[in-house]
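Please keep the sequence and the structure in view while reading.

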Amino acid sequence: MNQAVEQAVILAAGRGIRLGDQGARMPKGFLRLGDTPIIEESLCRLRDAGIRKTLIVTGHLAERYDALAKTSGGFVETVHNERFADTGSLLSLLIAIDRLNGDTLLLESDLIYEPRALRAVQDGPADAILLSGATGAGDEVFVETDDHGRLMAMSKDPTQLGNIAGELVGICRLTRKTQLRLRQWADTETALDPGLEYEVDGLVAVGQRSALCCTVVPDLVWAEIDDAVHLQRARTIVYPRIACLD
C-alpha cells in the first residue's frame, strides 16, 4: 500500500455559466444541499482522509474562497487563475502544480461524494484516476482503459471508445512525477489551446506516455453539478443517499 497523500488541490476557477443566474451569484462550490456549502463538506472529507493542506485554484468570485481560506486555520490556501474567463481547467491545474512539492489528491469543486471516493484513491495505486459505474446523470465523461486498467482515452461520446471501464468522477491521485510530466507536456506544446481541460486533454496526453491507473468503484455514490438538471438530481437523489452513508 502507498503512503497516504497529505495535500490536495481543488479546481474552482469555473464560471458556472450553465447554472445561469445562480452560477453568476456564487461559485459552484458554495452551492448548498445541506447545512453547509458543498466545498466545506468536501474539505471536511479531505481532513478525514488524512489531508493536512488544501490548495484551491480560484477564478470566478475568488473572494469567496479567499474568505474561506482565512477562516480555515491554515488548512486552505488559494491561488488565482487570472485567465479563468478564457481558459480551460488545464491551466488551473498547471498553476497548482507550480505551487506543489509532492504527491497530491486532485478534485473538482462542484462534486458531492461519499467517503469511499477518497479512501479508494488513497489506498490505490500511486497514480489513480477514480471511476464509477454508470450513473445516467447526463454529460458523463466515459473512460477507456486497456486490459490492465490503465488510461487510454476519455470522451463524452462512448461510441468513440473501446473498452469503457467507467465514468470519470473528478477525483484523482497524482504523483509528483506525473505532475511534472504534465507540466513538461504543456511546455513543449508550441500551439497549446488555452481552452484545454485537465482530464480529457492533459491526463490523456500523459497517459499515452506513461501508465496512469484507473481505480473503479462500480457503485460509488457521487454527483457533479454543472447545470440545473444536475443540481436537481444531486439535491433530490444523490445527496440523500450520501447522507445515509455518512
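Phe142 is found in strand β7, residues 142–145; helices (H or I, at least four residues) and strands (E, at least two) are DSSP runs, numbered from the N terminus. The model is predicted, so local features need pLDDT of at least 70 and side-chain atom pairs count only at pLDDT 80 or more, while totals for chains, interfaces and linings use all residues. Residues are numbered from 1 along each chain as its sequence is written, and side-chain values use heavy atoms, with hydrogens and water left out.

Glu108 is found in strand β4, residues 104–108. Thr175 lies in the loop between β9 (164–174) and α6 (176–188). Each residue in the table is listed with its relative accessible area; buried means under 20%, exposed over 50%, and partly exposed in between (1.4 Å probe, protein chains only).

| Residue | Relative accessible area | Class |
|---|---|---|
| Phe142 | 16% | buried |
| Glu108 | 12% | buried |
| Thr175 | 10% | buried |

Contact means heavy atoms within 4.5 Å. Leaving aside neighbours within four places in sequence, Phe142 is in contact with residues including Ala153, Met154, Pro158, Leu161 and Ile164. The C-alpha atoms of Phe142 and Ala49 are separated by 26 Å, and these residues are 93 places apart along the chain.

With residues up to four places away in sequence not counted, Thr175 touches Asp103, Ala126 and Asp127. The side chain of Thr175 also reaches the backbone nitrogen of Thr178, at 3.2 Å.

The side chains of Glu108 and Tyr198 make a polar contact at 2.6 Å. A polar contact is a pair of N or O atoms within 3.5 Å; within protein, one must be able to donate a hydrogen and the other to accept it, and residues adjacent in sequence count only if both atoms are side-chain atoms.

Tyr198 also takes part in the helix pair: Ser89, Leu90 and Leu93 in α4 meet Tyr198, Glu199 and Gly202 in α7. Helix α4 (residues 89–97) and helix α7 (residues 198–207) pack at an angle of about 55°, with their axes 8 Å apart. α4 and α7 are therefore oblique to each other; angles under 35 degrees count as roughly parallel, over 145 as roughly antiparallel, 65 to 115 as roughly perpendicular and the rest as oblique.

Methods. Axes are lines fitted to C-alpha atoms, for helices over the stretch in contact, and angles run from 0 to 180 degrees between N-to-C directions.
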